[in-house]
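Hi,

Here is the structure I promised to pass on. Have a look at it first, then read my notes below.

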Amino acid sequence: MDEPEDAPGSAATGVDHAAVFTAMPTPYLVLTPDLVIADANPAFLATTGRTLGELVGRGVFEAFPGNPNDAEPDGGAAKVRAAMERARDSGRAHPMSVQEYDIPDGTGGFEKRFWSLISVPVLDPGGGCRYLLQRADDITDYVREQAQAVHPSGTGKKWQRRVLEVESDLYARGAELRAAREAEADTARRLAALSGVALALGRAETLDDLARAVTERGLVALGARGGAVAVYEGDDDLRLVLTEGMSPIGVGPDALLPLTAPYPGCVAARTGERVLLVDRAGSEAFSPELAELVATTGVQAWAAVPLESAGRRIGSLSVGWTSPQVLAPADDELLGALAAQCAQALERIRARDAERERHAAVQGMAEALQRSLLTAPPEPDHLQIAVRYLPAASQAQVGGDWYDAFLLPDGRTALVIGDVTGHDRHAAAAMAQVRNVLRGIAHSRQEPPAAVLSALDRAMCDLEVDTLATAVLATVEQPAEDEERGVRLLRWSNAGHPPPLLVSPEGDVTLLEHEPDLLLGLDPSATRADHVQELAPGSTVLFYTDGLVERRGTSLDAGLAWLAAELHRVGRLPLEELCDQLLGALEGAVEDDVALLAVRAHPQDRPRPAAAGRSRLPEGHSALS
């Protein structure tokens, strides 16, 4: 028998395979893929009574035609041929149950024989069948002894044949049962691998998660050393994620490779064709780079399949083994199923990442809009104004809460706190409209707060600003008769918003609560009222949105009571520190946006505080301003 080139353990190990083949006590016959006899070992020749010259070059069924007088018309040759062809075409060994197959006796007749046959393909580097090895154990004596031992009286020819048939049938059924159990175990293993991968891929958030799910779960069922997932990055590169110990020299476990790189995964991704390298010789011949990878990792057999989605190639899945490997049909199907699941999960991850990028871009524009609207307050004479904005932890730094403070042409200072329904970019856009229209009306009309809010309500209706909003608009003014006393007047109107709180110079806290008017955006004809409060020097007024006082499972009254108690504790602190303390007193992450606007009246002869007008947050809080 001529030896395959570069066979593992041939000249390199000093093993004389021809001598081994000759010395084997078990009969072996070597066939070409066309089922022509190429060689036979001495044990086979002795068993059949033939010489090598009589057999080599002849078709196996020409040399052993089968008994034409047998019960089967072809003497059983069809069954044996089918078994050989199945082994040749599938690339897997194929055993047969006990087979009765008579051979010529040299006198023109046939000798009854019983055989245990197994056909084993010898594959070439490309995975094709180069030779077919036929093991032919002659078990005639065993079958006959079994028949006589069980039935010593069965000496009649008819009875003896029946015994042999029963024995053969039982043996065949036992072999079939073993094969069925093995197939069932293989199927269960593959199904478990696929279901495990499917669950893991369903939870995968990143390409690294995806690669780990496939290589750590799916490849276990294939007995592989490891694997790699390659994904298109642009038109000319692949993002490669490998299991540990599978990286080429100079390539990290997560790196870019050119699409033209000489590795199986790159070729599969580039061409859309499967790459199968069954042993070290095939891998070393594939490319010098792969030969170097084989030498450094010990992974000598490779299979790479393209990843495809909707008719597009999106990458590849590679598998590596440390020993020669021929994929059985079921393993090949498993690899294909893994690739299909991987491609589906990859498309889902990519689609979600693209959606996140689009959302981030839109969100960035909304945040930029809100930053431009939450401006630093003015610094009017003898008034200090401080502002804060704290977005809800579950939201993306944008919402409908706002504060505003600006100077009016008649010398008054306008103060606004408001809340547009919603917590997204639409709420931010609606808030921008309401804020800017309110500014324009207040600046141009110079009327009391109630009249300005009524005008805003009508403008929202006429301009089709389709939203609801709560707001408090206040002005701080100083009548001429109160200038010497330093007393100022706070005038405000409340459109459905939580009431402001007043902290006296002595630290007493008063809820400036009156029956609130209707929300903005419901009824432009609704009547609105003004309320007036004197502000003595040193007084502080806090405006806020409902995120400061509303908590899940507690009432608004309980929230207002908590805020009043906190103001009683910190109300006489410097204004900036007061705001910091209030936000710091919030337990855990806030559930809704919080906007604060605090104003403090200072005596006529007291200089403006250095910190007046700053807008900041205590350490640990994020803000847009």
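Just after helix α9, Gly 272 takes a positive phi of about 80°; keep in mind that this is a predicted model. The helix itself covers residues 264–271 and is mostly tucked away, with six of its eight residues buried. Those are Pro 264, Gly 265, Cys 266, Val 267, Ala 268 and Ala 269.

Next, find the open sheet. Its five strands run in the order β15-β24-β23-β20-β21, with antiparallel pairing. β15 (383–390) and β21 (509–511) sit at the edges with a single partner strand each, so one side of each has no neighbour in the sheet. On average, neighbouring strands are turned by 20° against each other, ignoring direction. Helix α16 (residues 575–584) packs on this sheet, where it touches β15, β23 and β24, and its direction makes about 25° with that of β15.

Now zoom in on β23 (residues 540–544) and β24 (residues 594–601), which are joined by five bridges. Thr 540 stands opposite Arg 600 of β24.

Beyond its neighbours within four places in sequence, Arg 600 is in contact with a list of residues including His 382, Leu 383, Gly 538, Thr 540, Pro 574 and Leu 578.

Cheers

Definitions and conventions
Residues numbered from 1 in each chain as written. Predicted model: local features only at pLDDT ≥ 70, side-chain atom pairs only at ≥ 80, totals over all residues. Heavy atoms only, no water. Buried < 20%, exposed > 50% of the residue type's maximum accessible area, 1.4 Å probe, protein only. Helix = DSSP H or I, 4+ residues; strand = E, 2+ residues; numbered from the N terminus. Pairing = 2+ DSSP bridges. Axes fitted to C-alpha atoms, helices over the stretch in contact; angles between N-to-C directions. Contact = heavy atoms within 4.5 Å.
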